[in-house]
Amino acid sequence: MSPTTPASNLLSDNPELYEARFPDPGRLAGRWTEDCLRRYDAGRRVLDMGCGTGRDAAHLYGVGRRVTGADLSETMLAYARDHHRGPAYVRADLHGFDLGRGAYDAVVCLDSALLYCHTNDQLDGFLTSCRQSLAAGGLLVAEMRNGAYFLGRTDLLDTPKVDSFTWRGTEYRSTTTLTVDRTAQLLRRVRTWTADDGTAPVAQRSAWRLLLPQELRYVLAAHGFEVLDLHDGPGPRTEPRWSEGMAPGTTADADRLHVVARLTTPH
């Protein structure tokens, strides 16, 4: 076998492949987000920070929101503009962005995008930017991994996870290894991709900040947010998955964390 070649992220560098690997034909993530926004009477103006391929932004647009999708990847943004039209798409860094003071009624941050704030300075930068971007009473809606799940649990760390899927006649196979970097408070991931079309294997490295629920409450309060919901499910990536009519949970123990917070002290 050929040696692995480094890549920033095979899937995010290939948005069509990303959507093939993580299909969401029923727009579950978008529907869950819209349910949160309606539950707390959010206004129409929504910023989807870390919008990726634009699927969720386009769903929110389709139900009547005025949506801006923001991402750091120009590749993802170009795909979103072509395939998920309606929202405005702009390039922005979640560690610090200025898309208009008080310009939004809600900031949405799904699929652990918030956890790419690896340091306290980066997390402060994100929340400061959210605070500046939101109108008084605006919402922050986030969905992510739950750092508390890794307190005493090793089931996701003990054995590499192997997955495969076929797209356009090519079988793609991934082997994913997770490790906890306790010093940096990061969950590090190495994912090696192979394909049966003869291309060399690709190694992808990434990491997420491991935030504990009470730590998240504290930092949100420090930035002027009141937590309205903080729970481990149901949500778009839990088992069982969320469906319409399901109320937010009351525990924060499982491997996903869902947060809805209201800005009470805007700049």
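**Helices, contacts and backbone exceptions in a predicted model**

The contact involves Ala29, Gly30, Arg31, Thr33, Glu34 and Leu37 on α2, and Asp56, His59 and Leu60 on α3. Contact here means heavy atoms within 4.5 Å.

Before going on, some ground rules. This is a predicted model, in which local features need pLDDT of at least 70, side-chain atom pairs count only at pLDDT 80 or more, and totals for chains, interfaces and linings use all residues. Residues are numbered from 1 along each chain as its sequence is written, and side-chain values use heavy atoms, with hydrogens and water left out. Helices (H or I, at least four residues) and strands (E, at least two) are DSSP runs, numbered from the N terminus.

Back to the first pair. Helix α2 covers residues 28-39 and helix α3 covers residues 55-62; their axes come within 8 Å and cross at roughly 50°. The axes are lines fitted to C-alpha atoms, for helices over the stretch in contact, and the angles run from 0 to 180 degrees between N-to-C directions. Angles under 35 degrees count as roughly parallel, over 145 as roughly antiparallel, 65 to 115 as roughly perpendicular, and the rest as oblique. α2 and α3 are therefore oblique to each other. The residues in this contact divide into three nonpolar, three polar and three charged. For these classes, Ala, Val, Leu, Ile, Met, Phe, Trp, Tyr, Cys and Pro count as nonpolar, Asp, Glu, Lys and Arg as charged, and the others, Gly among them, as polar.

The second pair is α5 and α6. The axes of α5 (residues 120-133) and α6 (residues 213-222) come within 10 Å and cross at roughly 50°, so this pair is oblique too. The crossing of α5 past α6 is right-handed. On α5 the contact uses Leu123, Asp124, Leu127 and Arg131, and on α6 it uses Val219, Leu220 and Ala222. By class, that makes five nonpolar, no polar and two charged residues.

Now α6 by itself. Which residues of α6 are buried? They are Pro213, Leu216, Val219 and Leu220. Buried means under 20% relative accessible area, exposed means over 50%, and partly exposed is in between (1.4 Å probe, protein chains only). Seen down the axis, the buried residues of α6 fall within an arc of 130°, so they line one face of the helix. The arc is that of the directions from the helix axis to the C-beta atoms. As a general point, an α-helix has 3.6 residues a turn, so residues three or four places apart point the same way. The buried residues of α6 pack against α5, β6 (134-145), β11 (225-231) and β12. On the face turned away from that buried side sit the exposed residues Gln214, Tyr218 and Ala222. After α6 comes Gly224, with a positive phi near 90°.

Gly224 also turns up as a partner of Thr265. Leaving aside neighbours within four places in sequence, Thr265 is in contact with Arg131 and Gly224. Thr265 lies in the segment after β12 (256-263), and it counts as partly exposed because its relative accessibility is 37%.

Helix α4 (residues 74-83) has Met76, Leu77, Tyr79 and Ala80 buried. Those four cover an arc of only 160° around the axis, which puts them on the same side of α4. They pack against α1 (15-21), β3 (66-71) and β4 (88-91).

Last, the backbone exceptions. Most residues other than glycine have a negative phi, and most peptide bonds are trans. Arg27 is not a glycine, yet its phi is positive, about 50°. Arg27 is in the loop between α1 and α2 and is partly exposed, at 22% relative accessible area. Gln185, also not a glycine, has a positive phi of about 60°. Gln185 belongs to the loop between β8 (170-181) and β9 (186-195), and its relative accessible area of 29% makes it partly exposed.

Where is Pro234 found? Pro234 is in the loop between β11 and β12, and a cis peptide bond with omega about 5° joins Gly233 to it. Pro240 lies in the loop between β11 and β12, and the bond from Glu239 to Pro240 is cis, with omega near -5°.

Key: A crossing is left-handed if the near helix is turned anticlockwise from the far one by less than a right angle, and right-handed if clockwise.
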